[in-house]
Amino acid sequence: MDNEKLNLPQYDIPDDIQNAVAITTLDRLYNWGRRSSVWPLMFGLACCAIEMIAAQAARYDMARFGMEVMRPTPRQADLMLVSGTVTKKMVPAIVRLYNQMPEPKYVVAMGACASGGGPFKEGYNVVAGIDKFIPVDVYIPGCPPTPQALIAGLIKLQEKIDKESLKKVRWYRKGPDAVEIPVPILGPDLIDPRRSAEIKQIAAAVKEGAS
Amino acid sequence: MTAPASTQTVDLAARFPGIVTADTRPGYSGFIVEKDKLVEVATAIRDEFGYDLLTAVTAVDYLPEGKMEVVYHAYKTTGGPGLVFRVQVPRVDPIEVPSLINVYPGADLQEREAWDLMGIRFTGHPDLRRILMWEGFDGHPLRKDWKEPFYEEDAKPFKSRWPEGRHVMAEDRNPYKDNLKFPENFDPEKWIPDNDNMLYQSLKRYTMKNEDGLETDHIVVNMGPQHPSTHGVFRAAITLEGETIVGLKPVVGYLHRNHDKIGERNTFLQNMPYTDRLDYFNSMSNNLAYAITVEKLMNIPVAERAEYIRVIMAELSRIQNHLVFIGMLLNDLGAMYTPALYAFEERELILDVFEAVSGARMMCNYLRFGGVVRDIPPYVMQKIKDLVFDRLPAKTDEMDRLLTENEVLVARLKGVPVIDGETAIKYSVTGPVLRAAGVPYDIRRADPYSIYDRFDFDVAVRYNGDLYDNYLIRLDEIRQSLRILQQAVKQIPDGPINSQKPQYQVRVPAGEAYGRIESPKGELAFYVVSNGKPNPWRYHVRPASFVNITCLEKICLGAKIADFVALLGVLDIVMGELDR
Ligand code: SF4
């Protein structure tokens, strides 16, 4: 980004030092750094992951937006691109990966499956959307979203980062989002530990097989 | 017309009077075997009758008749039609059927799947754990009386959606407001999860003592489900002694999307777009396999022009699959990105063709029973011609020049054994891996479907069965596919593209059908049972990837951990198909 965008409009900088000095806020500086180097986790779940690879290949070339450095380890990643169907068997691993990512971290739900279950929603092993477990920043529709749609979604994410403020982001505040997300347990069905009491209560009230 | 349905070529009933009877139900073929004599009969089928390749093992729940049936499909690797034999047992738990793992080791994972989803105990199976779901899951979901949490009705179209369209969100109908279902009075606090205990128990048998009596502990390494080179959410639990693999168990199911269950609720045509999402690199081939299966059941012809269009699409699909395979294999070996970028460049051009004819790059949903859904526009035909006569042959040669003699590639691949022909057949391996092991078995020739018998092409075969041959055979197959394509685009006639009227609901007579094709990854087959209703009674996918990894444990034992990614890579798995 050029200084023009980094510089706050109300300050005039003399012409001769325009390239060397910018007067700005900490938020702007942080956001500028973050939005220009969003490193996604190298993490493919299903069909959508293939379009994610295509988006990195020559024709679409995500590198143009500073997002091509896929990191296979969550410790170095800023962005989790949930690219595909989230199954009950897989969701504990996904939540664990999310917990292992350092802040600031973002989540993009790519495709119908990650956003809400998609064509497989009725399946007994399918989680109807990753947002039931981890907070999602951008949803990208499509089955699969085309590489163009994916890039559009990531640009949306950049716009969102531009508007962030250190004072308000969820990971610096107290509250339920600040703590680690409890890892779901594989029981007779998927158990979300945050809902244990509720599940017990309902299980006592419903007869088996009723739905 | 597609190839004739598997006909009875042997008289098993005469060989085993009183034990084997011919299946006389209308629409069915093959033989019913007495449960207790199954192993004996299967051994004879393999040794006396020569059906050495057991391709599919699956179960059908005949709830109204109170019976469970296990269906076996066996073929000869020398070619020809197959043999269907089955066992019927009363539908009372515990349902037990003898395991065929000692006769056909390739039955291993498929029997585990039948146990997991249907609850059939295979007696004598050494490692009968759940495979697609996890240990502790409640029930066997493919049984007809098992209802999923978002259950609405047995069959689509649901009354709430059609014709009036006043449906209630699935979440609002479920007491947990989510895709959940727990046993009565279930208490999450008291639940003790399995935490893969059974998996690690099954790896235990590899722990051994040194000669000097010292007990050495092996290291267990879990690769996946999140690993950059396991091609998706595949996981392998590996026991290591130093760098050498001494034990391995594939752990799958992380992408189990319940194709079978959803498929049995869908109408026949509604399954077509779902097949796209099996092997998501090759939606066209998946469509083809499903279409020929249902066409067999319906006994309808396919429009002549459509047959050619199908072959063109399926072969283009094979080419882009193999190109990406080569790119990804090199990625796995450490040649990051460059070969893969070359592959994806060509793939994009082929996807352009798919998009132009079907409207979607990946999920084409292009075939219909009796034909295809849209014709190829003339300008796309020209594009295909440019591709198959000029661009793709040149690019294949370029790939060849770039990689085949490369010193690093040769050093990593040459002489690293994958599998020999005999073992491959035993483990029901099909596709390029089998052919690279010296067995010229290609369903396009061995049991021809569609119009492959009209084209002049060679079955690619290599004889060393090492990683290098597995790489080379993909290049060979691309060249053969180009040969088929060049003939097909020259010969394609004008005419209608579907022998049937366009329709949403098809009439499918009662019976069973097993339709198989040579997909880029091996034998892809569908086993469909119809009871005359608008929905299939049983819809089973026999994916190449899933059955091919049966041999993974066998081929990796003794290999170095660094070669594991390459060994897994040449099996060319894709999780959408593997886990379904
Ligand atoms: S949204 Fe569609 S393409 Fe993406 S993972 Fe789901 S089924 Fe596959």
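**Cis bonds, ligand and surface**

Reply: A place to begin is Pro144(A), which lies in the loop between strand 3 (138–140) and helix 6 (147–162) of chain A. The model is a predicted one.

Me: Is the peptide bond from Cys143(A) to Pro144(A) cis or trans, and what is omega?
Reply: Most peptide bonds are trans. The bond from Cys143(A) to Pro144(A) is instead cis. Its omega is near -10°.

Me: Which residues are closest to the ligand?
Reply: The ligand sits between chains A and B, and 16 residues surround it. The closest of them are Cys47(A), Cys48(A), Ala112(A), Cys113(A) and Cys143(A).

Me: Which element gives the largest share of the shell around the ligand?
Reply: Two elements give two or more residues each to the shell around the ligand: helix 3 (47–56) and helix 5 (111–116) of chain A. The largest share is 3 residues. That share comes from helix 5 of chain A.

Me: How many residues of the shell around the ligand are nonpolar?
Reply: The shell around the ligand can be sorted by class, with 4 polar and 2 charged residues. The nonpolar residues number 10.

Me: How many helices and strands does chain A have?
Reply: From the N terminus on, the order of elements in chain A is α-α-α-β-α-β-α-β-α-β-β-α. Buried residues make up 51% of the 211 residues in this chain. The count of elements in chain A is 7 helices and 5 strands.

Me: Why does Ile23(A) count as partly exposed, and what is its relative accessible area?
Reply: Ile23(A) is in the loop between helix 1 (3–6) and helix 2 (26–35) of chain A. With Tyr11(A), Ile17(A) and Val21(A), it makes a nonpolar surface patch of about 300 Å². Partly exposed covers values between the buried limit of 20% and the exposed limit of 50%. Ile23(A) is therefore partly exposed, since its relative accessible area is 34%.

Me: What is the phi of Asp61(A), and where does Asp61(A) lie?
Reply: Most residues other than glycine have a negative phi. Asp61(A) is not a glycine, yet its phi is positive, at about 50°. Asp61(A) lies in the loop between helix 3 and strand 1 (79–83) of chain A.

Me: Is Asn195(B) buried or exposed?
Reply: Asn195(B) is in the loop between helix 4 (170–173) and helix 5 (197–204) of chain B. Its phi is positive, near 45°, although the residue is other than glycine. Because its relative accessibility is 60%, Asn195(B) counts as exposed.

Me: What should helix 10 of chain B span, and how far apart are its end C-alpha atoms?
Reply: Helix 10 of chain B covers residues 338–358, which is 21 residues. At 1.5 Å a residue it should span 30 Å. Its end C-alpha atoms agree with this, because they are apart by 30 Å.

Me: Is Ser530(B) buried or exposed?
Reply: Ser530(B) is in strand 14 (residues 522–530) of chain B. Its C-alpha atom is separated by 4.7 Å from that of Ala510(B), 20 residues apart along the chain. The relative accessible area of Ser530(B) is 3%, so this residue is buried.

Conventions: Residues are numbered from 1 along each chain as its sequence is written. Chains are lettered from A and ligands numbered from 1 in the order in which they are written. This is a predicted model: local features need pLDDT of at least 70, side-chain atom pairs count only at pLDDT 80 or more; totals for chains, interfaces and linings use all residues. Side-chain values use heavy atoms; hydrogens and water are left out. Patches are made of residues with over 30% relative accessible area and no salt bridge: like charges are joined within 9 Å, nonpolar side chains (Val, Leu, Ile, Met, Phe, Trp, Tyr) within 5 Å. Accessible areas come from the Shrake-Rupley method with a 1.4 Å probe; for residues, only the protein chains shown count as cover. A salt bridge is a side-chain nitrogen of Lys or Arg within 4 Å of a carboxyl oxygen of Asp or Glu. Helices (H or I, at least four residues) and strands (E, at least two) are DSSP runs, numbered from the N terminus. Buried means under 20% relative accessible area, exposed over 50%, partly exposed in between (1.4 Å probe, protein chains only). A residue is near a molecule or strand if one of its heavy atoms lies within 4 Å of it. Ala, Val, Leu, Ile, Met, Phe, Trp, Tyr, Cys and Pro count as nonpolar, Asp, Glu, Lys and Arg as charged, and the others, Gly among them, as polar. The expected span of a helix is 1.5 Å times one less than its number of residues.
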